[in-house]
Amino acid sequence: MELDRKELKRLRERHHRRHGIHPWHSKAGMRTRRFLKRAFNIRQGRAPYNAIRKRFINGSRLDGTHLCILIVAMLIASIGLDINSDIAIIGAMLICPLMGSVLAIAYGIATLDRNVTRDALTGLLLQMAFCLATSTLYFKLSPISTVTPALVDNSSPNIWDLAVALAGGFAGGLGNSREQEPSTLIAGVAVATALMPPLCAAGYGIAAWDLSLFLSALYEFGINVVFIALGTEAVLLMLRIPLKRGLNDDGIVTDEESAIADKLSRIVRRRIIIGTAIFAIPCLVLTASSIGSAESGITDAYGVAETTRELAAVVPGFEDYTVGVETSLAKGSAQESAKREVVARVTTKTKLDSRDRETAKRLISLNVPELDRVEFATEYVDVRDKPGDPALVRSSPVCDQGVTGASHTCVLYKKGPCSKMLRT
């Protein structure tokens, strides 16, 4: 009896397969898969492969007009960052032609076309040189010497910049592969990914001799370039863009060359994924630390974490930054009253000049609008030979022994606590 049941079940299943009869849940699954495949079919509306190639390559070609537009866009962006004007920055990004070279690099890597990749990468480096020279010259001549919030924002890479660049690259590659012209879409991608402002901020770092700001802005620009190219390459692979299989450029593709091209394509993709992941590690670490500080339960009412990063980028010899409320007794003619002040303290290795102090005050006041005053302190180490000589000399608004003053020097000895107080 058991064998008869199994045989009947087998015959029933075979009958259903022959006549296309499926259970209801199987039909629902098939319909869902068919709908999703049709709804997200990016190959529909794709331009011919030769038109896609021509569009990517033409977007990266450099000529006199291209370079003039680039310099003008860089000048507008520099002015926008200098005066903190979002309108000027967005306008510069709309006319900036940097995006074409980045998309061409992605196309050359996706198709294993070394000539396209080399030309596009050379063009991008040349444009970067023009941009850095233009922005550095502007900031050298600009009468405005303070660091604006726009400059700080475009020199602080985080994981959200990475995500925007990846999504923007996907949209740019998708738009460049459509039958219709993608001018509007590419302009929107250029604004969203913000290639030009970080280069302007790097130019400011050169003009101000600020290595930290220069490197952080240049790294943010690199994050944008790498992940825009990665998103675009993903689209091209999904579209099955044909590889350049002729390895010796003789016009004849042999079976051996085709097999080598397929193997090389897999190796290149694997190396790109590994290299991109390594390149993104600093960005992920910075973002994780900031998120960890936010989730630690400590209320940062005065934006100390953000202001500390900004001061470290623009203040030479920066060591520490604190802000808090001081309450003191103000002696009046009739009675004593409590005086409450919001005081910020900036500690540096060397004494700051008036320009650096004014820059620090402006940055602090952005996050602490109710700020009453800013105190500056200089800290340095002075090692002596004799056992009784001072080992550390610290200039601070508040002495370690609790003595306060507008300006004094507290001398700490190797043995024992502070024994001298020299007022200056």
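Q: Which residues form the positive surface patch?
A: Lys263, Arg266, Arg269, Arg270 and Arg271. Patch residues have over 30% relative accessible area and no salt bridge; like charges are joined within 9 Å, nonpolar side chains (Val, Leu, Ile, Met, Phe, Trp, Tyr) within 5 Å. Lys and Arg count as positive, Asp and Glu as negative, with His and the chain ends not counted.

Q: What should I know about the model itself?
A: It is predicted: local features need pLDDT of at least 70, side-chain atom pairs count only at pLDDT 80 or more, and totals for chains, interfaces and linings use all residues. Numbering runs from 1 along each chain as its sequence is written, and side-chain values use heavy atoms, with hydrogens and water left out.

Q: Which residues make the nonpolar patch?
A: Ile69, Val72, Ile76, Ile90, Leu94 and Ile95, about 460 Å². Helix 4 (64-82) and helix 5 (86-95) are the elements that give two or more residues to it. Areas are Shrake-Rupley with a 1.4 Å probe; for residues, only the protein chains shown count as cover.

Q: How many salt bridges are there?
A: The whole structure has 7. The criterion is a side-chain nitrogen of Lys or Arg within 4 Å of a carboxyl oxygen of Asp or Glu.

Q: Which residues are linked in a network?
A: Glu341, Arg345, Arg373 and Glu375. One of the pairs is Glu341 with Arg373, at 2.4 Å, N to O. That pair links distant parts of the chain: Glu341 is in strand 2 (residues 336-348), Arg373 in strand 3 (residues 373-381), 32 residues apart. Arg373 also bridges to Glu375, with closest N and O atoms 3.0 Å apart.

Q: Is Glu341 buried or exposed?
A: Buried, at 16% relative accessibility. Buried means under 20% relative accessible area, exposed over 50%, partly exposed in between (1.4 Å probe, protein chains only). Arg373 is partly exposed, at 29%.

Technical notes: Charge placed at Lys NZ, Arg CZ, Asp CG, Glu CD. Helix = DSSP H or I, 4+ residues; strand = E, 2+ residues; numbered from the N terminus.
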